[in-house]
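Visitor: Please show me the model, and then let us go through some of its contacts in turn.

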Amino acid sequence: MSGFQYQNGQLYCEGVSVAKLAEQHGTPLWIYSKSALVTRLREIQTAFAEVDPVICYSVKANGNLSILKTMAEAGSSFDVVSGGELFRVKKAGADTSKVVFAGVGKTDDEIRFALECNILKFDVESEAELDAIASVAKSLGVVGRVALRLNPDIDAKTHTKTTTGKKGNKFGMDIERADQLAEKVLKNPNLELSGIHMHLGSPILTTDPYEAAAKKAVEVVKAYRSKGHPIHWINLGGGFGISYRKNEGPAASEYAKVIVPYIKEAGCRLTLEPGRYIVGNSGILVTKVIFKKQEGGKTFVIQDGGMNDLIRPAMYDSFHRLWPVAPSVAMPEDVEGEIAGCEKVDVVGPICESSDYFAKDRYLPPMQRGDLLSIFSAGAYGTAMSSNYNAKPLAAEILCDGANSKVIRRRQTYEELVANELVD
């Protein structure tokens, strides 16, 4: 809840009343704290400063142009997984020469755009991709800098839909297979092998997987150098966990303790790709109660935000703290289980799907039609994964900075909803 606090029974984002923002801009409404964004980035920059890292904010977590601009001004670079994300980074005025391009399915057009932007490196996922980069680079008369994405076969103990470092995942390549591709790079004048990349999944709430990956990375770097490869980058991806419930997310300094010694041993520069860690707890989704009903022995709080806005609970069975913007009961540290003065409810949305819910059997203060509800830890993979399902317009986004706030994405209108569609 960094950047958000209750004052005199009302929720504030920095120095701005959340209730007033909802009154001015309507609901559902996304609200972000600029100070929280910068503070979380600074935590990572400070924790890993000893190895002079390049911190690449992961655009897929939240790619709003104002958030990207905020990150760039605070000294962050960027991790992208599509040409569209690279376009966003460029549009935000960021330096594209420190951008890392990941993802398993880069098209030739995306590769060309990235080379024209002189990005730092591609995280290469397959031999076919390596060949494509070499071909496009040759046509442009340039050299494509690449890092081989290795699959270290490390179980990060995260959700099955967000694990990426185990054999059988679509990401990366077996270390033995990568050895063959490294030799292929040496023979191609349009390619330069500058590093290796490992991404284990997200969110990861222990440091053990990172220590195992960093140790393995050192072994690979030494082996590659012995064969003539000038390896000078190790990219350990992102995936640092955050606190959705209480304090389960480790500090950046805890991850640094197990990673930094291996990076120093390898004599490499470090790249990290945090997204959720920076923006997750820096944003909330505010919704308004439409109806309340009791059926089948349950009480349902029906509000105007839905899975089209925040799909994480429906997609990953994920947990988000929820609490009224103006509660009759102060929010306790532990919001799971029975809470005095509260009632057990299912918080659901208006979308015509049974999976459209934000919480089940959750204890909340009594809520009535028109009351505002805050859904916390929603800054990551909220707007980025939102959609127009059920022809719902995309919600507005607000960025708060001290006592000031500004619209960073206006609410989509019905006309804009159909603007790109053609009728004979």
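This is a predicted model: local features need pLDDT of at least 70, side-chain atom pairs count only at pLDDT 80 or more; totals for chains, interfaces and linings use all residues.

Visitor: How many residues apart are Arg-245 and Glu-336?

Guide: Arg-245 lies in the loop between β12 (233-235) and α9 (252-266). Glu-336 lies in the loop between β16 (322-324) and β17 (343-348). The pair thus links distant parts of the chain, and the separation is 91 residues.

Visitor: Is Glu-336 buried, exposed or partly exposed?

Guide: Buried means under 20% relative accessible area and exposed means over 50%, with partly exposed in between. Arg-245, at 36%, counts as partly exposed. Glu-336 has 37% relative accessibility, so Glu-336 counts as partly exposed.

Visitor: What is the distance between the closest N and O atoms of Glu-129 and Lys-106?

Guide: A salt bridge needs a side-chain nitrogen of Lys or Arg within 4 Å of a carboxyl oxygen of Asp or Glu. Glu-129 and Lys-106 form such a bridge, and their closest N and O atoms are apart by 2.5 Å.

Visitor: Where in the chain are these two residues, and is Lys-106 buried or exposed?

Guide: Glu-129 is in helix α6 (residues 127-140), and Lys-106 is in the loop between β7 (100-101) and α5 (108-116), 23 residues apart. Glu-129 has 6% relative accessibility and counts as buried. With a relative accessible area of 10%, Lys-106 is buried.

Visitor: What separates Arg-40 and Glu-43 along helix α2?

Guide: These two residues form a salt bridge, with the closest N and O atoms 3.3 Å apart. Arg-40 counts as buried at 15% relative accessibility, while Glu-43 is partly exposed at 31%. Both are in helix α2 (residues 34-47), and because they are 3 residues apart, the separation is about one helical turn.

Visitor: Which strands stand at the edges of the open sheet of 3 strands?

Guide: The order in this sheet is β1-β2-β3, with antiparallel pairing. Each edge strand has a single partner strand, so one side of each is left without a neighbour in the sheet; the edge strands are β1 (4-7) and β3 (16-17).

Visitor: Which residue of β3 is the bridge partner of Cys-13?

Guide: Strand β2 (residues 10-13) pairs with β3 in the antiparallel sense over 2 bridges. The bridge partner of Cys-13 in β3 is Val-16.

How values were computed
Residues are numbered from 1 along each chain as its sequence is written. Side-chain values use heavy atoms; hydrogens and water are left out. Two strands pair if DSSP finds at least two bridges between them. Helices (H or I, at least four residues) and strands (E, at least two) are DSSP runs, numbered from the N terminus. Buried means under 20% relative accessible area, exposed over 50%, partly exposed in between (1.4 Å probe, protein chains only).
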